[in-house]
Amino acid sequence: MRSRPSPWRARYQQRFAAPQTVVVQPTTWCNLDCRYCYLPFRKLNHQMSPEVAEALAEAVTQFEDSGHPIGIVWHGGEPLAVGQQKFAVLLAPFEALRRAGRVHHYVQTNATLISDTWCDLLATYDVQVGVSIDGPAVVNAERVDLRGKPAFDRILRGITRLREHGIPFSVISVVGATGITMPEDLLEFLATLGCHSVGFNIEEIEGVNTDRWPPTPVQAEEFWQRTITWTREHGAALAVREVERLAEYLWLTRSGQRAEWDRRLLDPIPTVSWRGDVVLLSPELADTTAPEYGDFTAGNILDRPLSEIVRNAHRLCYVREFLTGLDRCEAECEFFDFCRGAQAANRYFENGSLTTTETNYCRVSRQALVTALSTLATKEAAL
């Protein structure tokens, strides 16, 4: 007699697709000490072993081939801090998968360590590069090294190397108390860097970053209004991730293709630590311990295949609570169609529970974006 399928499994499958992104932590250490960083162990130099990388590559071969490469995102600490030789060793187990089009490598870096030889290695393995820089020097002042000295000039040198070698790159900028007031200066500076796109992460309360005041929803709405206006005037100069996502949602909705948007399920984003431990839902939950959820670890890839860990995600307490929170978001929040639910890490760090709904992240990064566009449209209609 067959057992009944778990209702939690059904709820999970209703919300989540198979992983399209795997975040990989080659090291905990970072050569910078950004004042808003959420990582608790960035001053400890733990490094991933080749055995963990080999186990992960083997695990990826077990995922069903969707026809689209799985993104292997090397994200730290500072990934390049492991050195070129070690990084090449970690990439090597994936090479057959990469050549077959099954995976594509990405690295998120502060760019301070990029050299000519690093560029050669990144090009050899076709690694797509994301650079973390917050804007011009006055805005980037929170990015400092371990001695408290600004990293701005070193970041620019790394970007120059990328451009000299013809390596395309995107940018992620953390928007804090300074940047939130000067979006045009920020955008114009980033456009001069030669990046093809930028994503704005409005500063969040998470991890060990708990004693700073993030921007308010009012500040965020003005920031997004001015950002949208700038992109309309300089659209070809720089793509803004958040504006592009909202534009795609509106285009699909207005063109009768809303079902296409609704079919896009959430990515469980398995995050594999340097030791092989796997955390699901949000990379920011890695290296976090909570009385209610333990250490959020779903398993270790040296003991169990990643496909099995993901397949049993619905059994985890924190995943079940997150599903409950998503159901509440859908029932209660007018922004759910676009937002698709608050991030798990923000729910925990802001509210202490994954069953909760609205967070400041929702208000400043999703809701304020939508209301900014609505406000602009209202103003234009009144002209």
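The following legends describe close-up views of a predicted model.

View A. Ten strands form an open sheet with mixed pairing, in the order E7-E6-E5-E4-E3-E2-E1-E8-E9-E10. In general, strands of a sheet pair through backbone hydrogen bonds, in either the parallel or the antiparallel sense.

**View B. Strand E4 in its surroundings.** Of the 5 residues of strand E4 (residues 128–132), 4 are buried, that is, under 20% relative accessible area. Strand E4 is therefore largely enclosed by the rest of the structure.

**View C. Pairing of E3 with E4.** Strand E3 (residues 103–109) is parallel to E4, and 4 bridges connect the two. Within this pair, Gln 128 of E4 lies opposite Tyr 106. Together with helix H5 (residues 116–124), E3 and E4 build a β-α-β unit of right-handed sense.

**View D. Pairing of E4 with E5.** Strand E5 (residues 169–175) runs parallel to E4, to which it is joined by 4 bridges. Phe 169 in E5 is the bridge partner of Val 129.

**View E. Pairing of E9 with E10.** Strand E9 (residues 277–279) and E10 are antiparallel, with 3 bridges between them. Here Gly 299 in E10 stands opposite Val 278.

Terms used
Residues are numbered from 1 along each chain as its sequence is written. This is a predicted model: local features need pLDDT of at least 70, side-chain atom pairs count only at pLDDT 80 or more; totals for chains, interfaces and linings use all residues. Side-chain values use heavy atoms; hydrogens and water are left out. Buried means under 20% relative accessible area, exposed over 50%, partly exposed in between (1.4 Å probe, protein chains only). Two strands pair if DSSP finds at least two bridges between them. A crossover is right-handed if, with the strands pointing away from the viewer, the path from the first strand over the helix to the second runs clockwise.
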